[in-house]
Amino acid sequence: MKGARAMSIKIALAGNPNCGKTTLFNALTGSNQFVGNWPGVTVEKKEGKLKGHKDVTIVDLPGIYSLSPYTLEEVVARNYLLEEKPDAILNIVDGTNIERNLYLSTQLMELGIPVIMAVNMLDVLEKTGDELHIKQLSQKLGCEVIGISALKGLGIKEVAEKAVGLAKSKKIGSFKHEFDLRVENVLKAIEKKIEGEIPLKERRFFAIKLLERDEKIAAQMKKVPDLSEEIKKLEEDMEDDTESIITNERYSYISSIIGSCYKKKGQGKLTVSDKLDKVLTNRYLALPIFALIMFLVYYVSVTTVGTWATDWANEGVFGEGWSLFGLTVPGIPVLVEAGLSAIGCAAWLQGLILDGIVGGVGAVLGFVPQMLILFLFLAFLEACGYMARVAFIMDRLFRKFGLSGKSFIPMLIGSGCGVPGIMASRTIESDRDRKMTIMTTTFVPCGAKLPIIALIAGALFDGAWWVAPSAYFVGIMAIICSGIILKKTQMFAGDPAPFVMELPSYHMPTVENLLRSMWERGWSFIKKAGTIILVSSIVIWFMSYFGFVDGQFRMLEDMELGNSVLALLGSSISWLFIPLGWGDWQSAVAAITGLVAKENVVGTFGILYGFAEVAEDGSEIWGTLASSMSGLAGYSFLVFNLLCAPCFAAIGAIKREMNNTKWFWFAIGYQTVFAYLVSLCVYQWGMLLTQGTFTIGTLAALLITFLFIYLLVKPYKEGSYLERKKTMELK
Amino acid sequence: MGTFIVGSILLILVGSIIKSLIKDKKQGKSIQCGDACKNCSGHCHVK
Amino acid sequence: MRMIIKNLIKMIKKEDENMPLTLLKAGECQVIKKVGGKEETKKFLESLGFVTGGKVTVISEINGNLIVNIKESRIAINKEMASKILVSF
């Protein structure tokens with residue numbers, strides 16, 4: 001139709017993992033997609049509109065090393081390119097390791113879609129002293145090449161404009177790479193055979209894939225010609241299988257063009273990243289260094305810097321008052337109370353607002369400073385590239401009980417939020433390992449559990465230095481012990497998967513990226529507090545301030561909460577937790593509300609222990625909690641909440657990822673029973689060691705501990721395929 | 001009188017919060033995460 | 001210990017002068033002669049740059065697990081996989 005409006009254009013971003021694709025995507029679309037540093041972060045394609053162009057959509061494909069169909073990311077990317085047929089491909093190439101990156105590029109250029117190449121990290125390349133002649137490269141490849149630095153924002157506009165121009169012109173470059181003559185001849189023959197079905201521009205790609213015996217491509221074709229003769233002849237001729245032939249041809253071609261375009265200056269010297277790695281992944285120092293770093297992260301964010309900030313929040317903003325430039329600003333509860341009284345608000349409504357909403361939500365919001373600092377640290381560790389090394393370091397440890405370092409990645413992600421952590425287990429190929437990873441990922445304390453940690457550490461242990469970091473290590477130990485125990489059962493026995501992972505160079509993350517990541521997490525925490533926790537608080541308040549006194553159902557005084565509906569419900573199960581040291585209805589109820597959101601544990605305590613009541617003597621925050629729960633009981637309570645079933649959102653994620661009701665219930669059951677038994681032992685052993693009491697509970701703890709030790713040290717069951725594998729390796 | 005004013009403000013506030021929670025649920029987003037969808041890299045939307 | 005193994009292999013396999021990557025020490029660089037293993041694994045390794053004729057340098061080593069430099073990129077690879085990559089002497 002003449003004069004029709006231009007159809008919307010789709011440009012796909014394709015490139016290796018860690019080459020800066022997502023950073024470029026953010027720059028092009030202005031969105032704030034999270035930039036992760038390991039495989040599995042981008043497993044789906046993401047779309048956004050190009051800034052300033054309403055009709056141009058940019059699609060961020062998962063990072064891939066090639067277009068073969070072996071990993072989930074490759075399949076997603078390849079299917080997108082073949083089926084959705086974008087108008088152009090923006091191939092991002094990491095300038096600091098061009099050779100490997102070009103392996104994918106050669107394949108992209110065979111698809112029959114216009115390609116424009118952006119060489120990223122030019123700033124880093126400059127520092128190394130190596131030289132890259134972009135014009136030469138462009139000429140040799142047969143497509144346009146633009147140098148950029150996505151991080152610094154250089155060249156972005158140019159590459160965007162050129163990409164749009166290319167997409168509109170629909171001009172496929174004249175890709176010049178040719179393989180060995182023998183291979184080319186066979187490809188010509190294959191192309192002739194598929195002429196009928198495959199359009200011209202895609203023919204080369206299909207021909208090469210068919211030559212490589214790519215089954216998935218063959219499955220997509222209606223009629224697959226018989227190529228066994230051609231393949232056999234070529235394989236005899238060149239003394240190798242066709243897949244290897246093509247691979248070698250690609251690399252030969254790449255070497256031939258690299259020689260004229262890329263000049264290395266620094267010869268074989270260790271880079272800064274390499275030197276750092278020698279220390280951080282040193283066989284003796286690696287684990288202690290990691291332990292020290294995580295200790296510092298939790299110590300600083302919860303106990304030192306965090307505490308000062310949270311004390312200000314809890315005692316000041318949500319307490320009596322705080323000083324601003326020498327003036328005393330009354331705390332929110334004081335203000336609200338005054339305001340409500342002045343307006344003549346009824347007592348019950350005042351109670352709902354003060355004790356319920358301010359009490360519940362305020363208690364949680366008080367921990368925002370500590371969360372922000374924790375998230376800042378975690379964002380830094382991930383963005384600088386260290387966390388990728390941790391997966392590698394833990395691989396050696398995990399392998400001892402049959403898992404691989406790949407299983408540790410979901411746990412690293414889980415220290416922020418358990419849901420993406422559980423989702424990240426998708427990249428684990430082995431079904432058993434994946435199930436085991438899903439089951440144990442939430443043992444690592446997520447951000448929402450931080451208020452609980454901080455509360456127990458602050459209120460019951462007076463901010464002792466070891467409490468907060470111990471929470472993290474309890475989680476890690478729980479994972480390791482669970483791993484050992486489960487791997488020794490028939491269900492999970494088997495060899496761990498191999499571990500191969502690219503480690504990005506260490507780099508100093510930009511302050512902007514860090515603050516943005518920290519703020520995003522912090523904001524979602526605040527939003528959560530204002531929505532789901534607020535609603536939960538209202539429900540909890542109603543259930544705790546209304547109950548039966550002398551047969552009459554009415555609103556209760558602060559001292560009468562033990563008669564409430566909530567107390568009634570809580571008492572029906574609180575006896576279960578007596579051996580754990582916290583058999584009161586308040587704690588039981590708090591733990592249950594944690595299912596909705598882990599922050600609710602703190603919120604519930606805030607409502608039930610009269611957080612909004614400013615203590616008459618102005619004593620430490622949470623004085624009433626401290627007086628009703630001993631330190632040991634508190635720690636047992638902490639351990640239980642750290643290890644038991646996670647919040648509904650994470651439970652939902654487990655259900656989806658397990659995709660099997662039986663396994664789902666097994667996972668939840670395992671976590672909760674494990675949590676119960678461990679907390680029981682903590683409390684009972686603690687009582688024995690500190691007070692010398694010996695009760696039936698202590699006996700139970702002894703038995704459980706012995707059982708635990710037995711499960712840890714019993715011999716492994718041979719996986720049925722361990723034998724088969726050994727024979728195969730001898731081929 | 002004060003009770004009525006405060007009460008209705010509260011009702012409107014909480015009502016709108018609950019409405020937005022339901023809207024999120026309908027869109028497939030989890031209601032318990034806060035606005036953290038960006039950090040999840042799009043894992044929530046069950047297709 | 002490594003030197004003994006190296007020399008033994010040298011003596012026994014005169015024509016086939018290859019050894020697994022795991023025998024390289026930190027700082028050593030060699031040329032890859034063969035990439036073994038399952039088809040999928042091999043293909044993945046190749047797409048990372050582990051290809052016959054390529055140079056590989058060991059940066060760091062923990063109990064057999066290696067961090068190597070291959071085609072200017074840094075790859076972490078565990079012992080089992082590394083043992084399937086054969087390099088020249």
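Trainee: In chain C, what share of the contacts with a separation of 6 or more comes from residues 24 or more positions apart?

Mentor: This is a predicted model, in which local features need pLDDT of at least 70 and side-chain atom pairs pLDDT 80 or more, while totals for chains, interfaces and linings use all residues. Residues are numbered from 1 along each chain as its sequence is written, and chains are lettered from A and ligands numbered from 1 in the order written. Two residues are in contact if their C-beta atoms, placed from the backbone, lie within 7 Å. For residues 24 or more positions apart in chain C, the share is 52%.

Trainee: What radius of gyration does chain C have?

Mentor: The radius is taken over C-alpha atoms, and the globule rule is 2.2 Å times the number of residues to the power 0.38. For 89 residues a compact globule would have a value near 12 Å, and chain C agrees with this, at 12 Å.

Trainee: Which pattern does chain C follow along the sequence?

Mentor: Helices (H or I, at least four residues) and strands (E, at least two) are DSSP runs, numbered from the N terminus. Chain C has three helices and six strands. Their order is α-β-β-α-β-β-β-α-β.

Trainee: What percentage of the residues in chain C is buried?

Mentor: A residue is buried if 20 or more other C-beta atoms, placed from the backbone, lie within 10 Å of its own. The C-alpha trace of chain C spans about 35 × 25 × 20 Å along its principal axes. Of its 89 residues, the buried ones make up 47%.

Conventions:
Buried ≥ 20, exposed ≤ 12 C-beta atoms within 10 Å, placed from the backbone.
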